[in-house]
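Please open the model in your viewer and keep the selection panel at hand.

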Amino acid sequence: MISPVAGEAWLAVQALVLGGAGHRQLHRVCQEADIPPGALKVLMMLTDGSRPMRELVSAFRLDPSYLTSMVDALERRGFARREPHPTDRRAKTVVMTEEGRRMVARAREQMAVAPPSFEVLSPAEQEQLLSLLLRVLDAEPDVPAVIRPSARS
């Protein structure tokens with residue numbers, strides 16, 4: 001059984017990501033790229049290779065029309081393009097462009113900058129926090145490799 005303390009820790013992680021510096025960082029990256037946050041998430045999924053539209057709909061649990069709007073935004077910016085599916089003439093596959101790869105690299109670089117609030121932790125505490133979060137992340141199989149930190153385990 002998961003303890004109430006674990007629930008509070010999870011709420012703290014969400015607060016860091018959804019509010020404060022994490023929220024501002026994500027929106028700054030998306031504003032610079034001129035795409036909505038959902039489109040950035042789709043683009044990051046394409047880092048590992050092209051994906052059929054229906055696979056993206058399933059992975060993100062999105063309405064197909066909403067996913068279409070995200071892919072439209074990526075195409076307008078030159079970050080991705082639709083191509084015919086190799087085996088199903090009725091389906092489309094979404095492919096990341098070189099410009100999209102550069103954008104994801106810039107986004108990851110910008111989002112890897114810790115906010116000043118992390119300075120309340122000593123270097124040893126920062127190491128401990130990273131180690132603990134990586135252990136939790138390792139237990140989350142649904143988190144795509146592309147959005148996982150590249151830090152040592």
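What span should the 14 residues of helix α6 (residues 98-111) have at 1.5 Å a residue, and how far apart are its end C-alpha atoms? In this predicted model, the expected span (1.5 Å times one less than the number of residues) is 20 Å, and the end C-alpha atoms of α6 are 20 Å apart, which agrees. Helices (H or I, at least four residues) and strands (E, at least two) are DSSP runs, numbered from the N terminus.

Next, select Gly 100, Met 103, Val 104 and Ala 107, the buried residues of α6 (buried means under 20% relative accessible area, exposed over 50%, with a 1.4 Å probe and protein chains only). Seen down the axis of α6, these buried residues fall within an arc of 100° (taken from the directions from the helix axis to the C-beta atoms), so they line one face of the helix. Their cover includes α2 (20-33), α3 (37-45) and β3 (92-96), with contact meaning heavy atoms within 4.5 Å. Turned away from the buried side, the opposite face carries the exposed residues Glu 98 and Glu 109.

Now select the strands: 3 of them form an open antiparallel sheet in the order β1-β3-β2, where pairing requires at least two DSSP bridges. β1 and β3 pair over 2 bridges, and Pro 52 has Thr 93 in β3 as its bridge partner.

Finally, colour by pLDDT, the predictor's confidence in each residue from 0 to 100; the protein's mean is 91, and 98% of its residues reach 70 or more.

Residues are numbered from 1 along each chain as its sequence is written. Local features need pLDDT of at least 70, side-chain atom pairs count only at pLDDT 80 or more, and totals for chains, interfaces and linings use all residues, while side-chain values use heavy atoms, leaving out hydrogens and water.
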